[in-house]
Amino acid sequence: MEDPITRAQELLEKGNAEEAIKLLEGINSPEAYYIRYLAKRVLKIKNAEDELIEGIRKFPYNHYLHYELAKCYEEQGKLNNALVEIDKSLELLPISTDYKELKAKILYELENFEDALILVNDILRLKPADYEARLIKIMCYYNQGLRMDSLAEINRALNYFSKDPFLHYLKGKIYLESNFYKLALSEFKIALSFEKKPEYFYYASLASFLINQYNEALFYVNEGIKLSGNLEYKALKARILWAMGKREEARQLALEITRLSKELTSEVSDIVNMNE
């Protein structure tokens, strides 16, 4: 007879979450609690994590149940609860790089950048090609205002992930914020060669605008607007049109923005009020 845990896993993989739950009724093992939790998440049953909590109550030394509960709490934004659970996982299995990585992510989200960096450095010594750890390290430096340290980490990450558009995008943003506009534009173009995302178009447009390449800036911002209704993109377009001498078109677009967004009014009010 097939093991019910194995059968329940098969049912869940085939999309039969309800059948998996029924099969595991009355079975109290760490695996059963975990699979029921996954099945209830698939079915969008409220408080699915109660399965993990009950499993931990009966099996307090199961490090994986603590880990899964920590992940659940992190997804829900309950970061302090998540930190408690991942610490319990690490007490039971301190060598796990997966557990360390989740803790680093939680600490990063709590803006405890220094402790997050200690953990990711530990991970990267063992797994230098760990993308998530590299990204956490980059963002820890970036959010502390350490742009050059962040840039150095991006370059290290690109040794492993040379075709990752997000890394090129981040590199472009650091160049942009450091007033290296041509270098920034080059990175945004690389990012766009791998993935057409609206924010990549927006920043390519902004970098082009800042080096007075208005036709290119207009092209990029128009592409971004096609993908996103973000009014900030239209505010940039108004600025580009004004610089190109298309004053009335720029003014009409600025007026549209002021009607739709109080927050962006200050960004385009000068265009609305400018004289020829």
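## Ground rules

Buried means under 20% relative accessible area, exposed means over 50%, and partly exposed is in between (1.4 Å probe, protein chains only). This is a predicted model, where local features need pLDDT of at least 70, side-chain atom pairs count only at pLDDT 80 or more, and totals for chains, interfaces and linings use all residues. Residues are numbered from 1 along each chain as its sequence is written, and side-chain values use heavy atoms, with hydrogens and water left out.

## Salt bridges

Side chains of opposite charge can pair when their charged atoms come close. Here a salt bridge is a side-chain nitrogen of Lys or Arg within 4 Å of a carboxyl oxygen of Asp or Glu, and the whole structure has 23 of them.

Take R251 and E248, whose closest N and O atoms are 3.4 Å apart. The two sit three residues apart in helix α16 (residues 247-260), so about one helical turn separates them. (Helices are DSSP runs of H or I with at least four residues, and strands are runs of E with at least two, numbered from the N terminus.) R251 is buried at 13% relative accessible area, while E248 is partly exposed at 44%.

E74 and K105 also make a salt bridge, at 3.8 Å between the closest N and O atoms. This one links distant parts of the chain: E74 is in helix α5 (residues 63-76) and K105 in helix α7 (residues 97-109), 31 residues apart. E74 is buried at 11%, and K105 is partly exposed at 30%. There's also a salt-bridge network that links R134, K137, E153 and R156.

## Aromatic pairs

Rings of Phe, Tyr and Trp (its six-membered ring) pair if their centres lie within 6.5 Å; planes under 30 degrees apart are stacked, over 60 edge-to-face, and the rest tilted. That rule gives 18 aromatic pairs. In one of them, F188 and Y203 have ring centres 5.7 Å apart and planes at 35°, so the pair is tilted. F188 and Y203 are both buried.

Y202 and Y233 are stacked, with 4.9 Å between centres and 20° between planes. Y202 is in helix α13 and Y233 in helix α15 (residues 231-243), so this pair ties together parts 31 residues apart in sequence. Both pairs' residues turn up in one aromatic cluster of F166, Y169, F188, Y200, Y202, Y203 and Y233.

## Around Y142

Y142 belongs to helix α9 (residues 131-143). Beyond its neighbours within four places in sequence, Y142 contacts (heavy atoms within 4.5 Å) S150, K173, I174 and E177.
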